[in-house]
Protein chains: 2
Amino acid sequence: MSAAGNEALRIGDVAKLAGTTPRTIRYYEELGLLPQAPERPSGGHRLYSAEEVERLREVIRLKELLGVSLQELKDLLAAEEARAAVRAELSREDVAPERRRELLLEAQGHIARQLELVERRAGELAKLRAELLQTRGRVQERLRELEGEPASV
Amino acid sequence: MSAAGNEALRIGDVAKLAGTTPRTIRYYEELGLLPQAPERPSGGHRLYSAEEVERLREVIRLKELLGVSLQELKDLLAAEEARAAVRAELSREDVAPERRRELLLEAQGHIARQLELVERRAGELAKLRAELLQTRGRVQERLRELEGEPASV
DNA sequence: CCTAATCTTTACGTTCACGTCAAGTTCACA
DNA sequence: TGTGAACTTGACGTGAACGTAAAGATTAGG
């Protein structure tokens, strides 16, 4: 058992895989954007799993796409963090339906918050895009006019 | 002639109208994001027109939506600036068709550059939105299952 | 015409999001 | 078992995007 999927990644590996730097990872951890310390065996070096890499990529992606501060992002991701816990708890079969429902409703709320932010921005971008397309259309039309009647009127 | 549309706005008014501060306006001017000095009568105070306010709003909007640095934005807006000049020149009737065509092609290029940026981001956001919607769907389905058979299996 | 509000430039201060360096520790591997 | 690469914390540095304070000029209104 040595070539399974649960490689123990070190912070430098994670950084490269996520396209960032160790410093940034520590900084995010310090801010609470990433769980305090995934796994810290004897030595004190941080060890990560592939799952953590995904999480980091997602954080970076959201940061870029939503253009929010890391603090705001942290609030948004209390969501993500909770959802991870929710998934873990839900994956066990022995959860009472009442509790299960509770967890699902919580997850739903978190998703709704993210969706709201995403849709607002997506809407604004769509509007901007439409405006640009319209402007482009006008320019193209004037160009056609120009080519159509090169020496008239 | 005193109540026409060309009110002379001072920097403080412009700032309020655009939802920002005088400092930011001066800073943008310093960076070259806004024309060097719209109009500077004897006193030395900056005077703006409603058109300048629109321009500023647009700058702010693009900055927020595209999430680029002010330097990158400046490059993108060399476009805008040129387009303003283009519009001015095109509005005169006495421009040679050849020159006219040249200006229009230039404008077209600028718009294309902006569109590319906008569409890339819009696409990424749309993808993120789709993922969130899918996740929400799964959560809702599990909730329905839970409600559907409260005590079976 | 006088004065308070607003403007001017200059310059230093601040927050965010990391970069970078130092001094020591731990890991991987020949 | 040694040694170089990678990691640790701590601290200070940095660029971007402004905020803020100072000292003086200008403008607007009564």
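The surface near DNA strand C divides into five nonpolar, eleven polar and five charged residues; here Ala, Val, Leu, Ile, Met, Phe, Trp, Tyr, Cys and Pro count as nonpolar, Asp, Glu, Lys and Arg as charged, and the others, Gly among them, as polar. This is a predicted model, in which local features need pLDDT of at least 70 and side-chain atom pairs count only at pLDDT 80 or more, while totals for chains, interfaces and linings use all residues. Residues are numbered from 1 along each chain as its sequence is written, and chains are lettered from A and ligands numbered from 1 in the order in which they are written. A rotation of 180° with 0.0 Å of shift along its axis superposes chain A on chain B, with an RMSD of 0.1 Å. The two copies are thus related as by a two-fold rotation axis.

**DNA surfaces**

- Around DNA strand C there are 21 residues, of which Gly43(A), Leu70(A), Arg10(B), Gly12(B) and Arg46(B) come nearest; a residue is near a molecule or strand if its C-beta atom, placed from the backbone, lies within 6 Å of it.
- The surface near DNA strand C receives at least two residues each from α2 and α4 (70–91) of chain A and from α1 and α2 of chain B. Helices (H or I, at least four residues) and strands (E, at least two) are DSSP runs, numbered from the N terminus.
- DNA strand D also has 21 residues around it, and Arg10(A), Gly12(A), Arg46(A), Gly43(B) and Leu70(B) come nearest.
- Two or more residues of the surface near DNA strand D come from each of α1 (11–18) and α2 (22–31) of chain A, and α2 (22–31) and α4 (70–91) of chain B.
- Five nonpolar, eleven polar and five charged residues form the surface near DNA strand D.

**Relation of the two protein chains**

- The superposition of the copies is by least squares on the C-alpha atoms of residues with pLDDT of at least 70 in both.
- In chain A, 29 residues are in contact with 29 residues of chain B, contact meaning that the C-beta atoms of two residues, placed from the backbone, lie within 7 Å.
- On the side of chain A that touches chain B, α3 (50–66) and α5 each supply at least two residues, and α5(A) gives the largest share, 25 residues.
- That side of chain A comprises 16 nonpolar, four polar and nine charged residues.
- The copies meet through the same surface, because 100% of the interface residues of chain A are also interface residues in chain B.

**Fold of chain A and helix α5**

- Chain A contains five helices and two strands, and from the N terminus on its elements run β-α-α-β-α-α-α.
- Of the 153 residues of chain A, 16% count as buried; a residue is buried if 20 or more other C-beta atoms lie within 10 Å of its own, exposed if 12 or fewer, and partly exposed in between, with C-beta atoms placed from the backbone.
- Among contacts in chain A between residues at least 6 apart in sequence, 58% join residues at least 24 apart.
- Helix α5 (residues 97–148) of chain A has 52 residues and spans 71 Å from its first C-alpha to its last, close to the 76 Å expected at 1.5 Å a residue. The expected span is 1.5 Å times one less than the number of residues.
- Buried residues of α5(A) include Leu103(A), His110(A), Gln114(A), Arg121(A) and Val139(A).

**Nonpolar cores**

- The largest nonpolar core has eleven residues, among them Val14(B), Ala15(B), Ile25(B), Tyr48(B) and Val59(B). A nonpolar core is a set of buried Ala, Val, Leu, Ile, Met, Phe, Trp, Tyr and Cys residues joined through C-beta atoms within 7 Å.
- At least two residues of this core come from each of α1 (11–18), α2 and α3 (50–66) of chain B, and α1(B) gives the most, with three residues.
- Val59(B) touches Tyr28(B), Leu33(B), Leu73(B) and Leu77(B), not counting residues up to four places away in sequence.
- A second, separate core of ten residues includes Ala18(A), Ile25(A), Tyr28(A) and Tyr48(A).

**Two individual residues**

- Ala15(B), found in helix α1 of chain B, counts as buried because it has 20 C-beta neighbours inside 10 Å.
- Leaving aside neighbours within four places in sequence, Ala15(B) is in contact with Thr20(B), Thr21(B), Pro22(B) and Ile25(B).
- Lys74(A) lies in helix α4 of chain A and counts as partly exposed, with 18 C-beta neighbours inside 10 Å.
- Leaving aside neighbours within four places in sequence, Lys74(A) is in contact with Leu31(A), Gly32(A) and Leu33(A).
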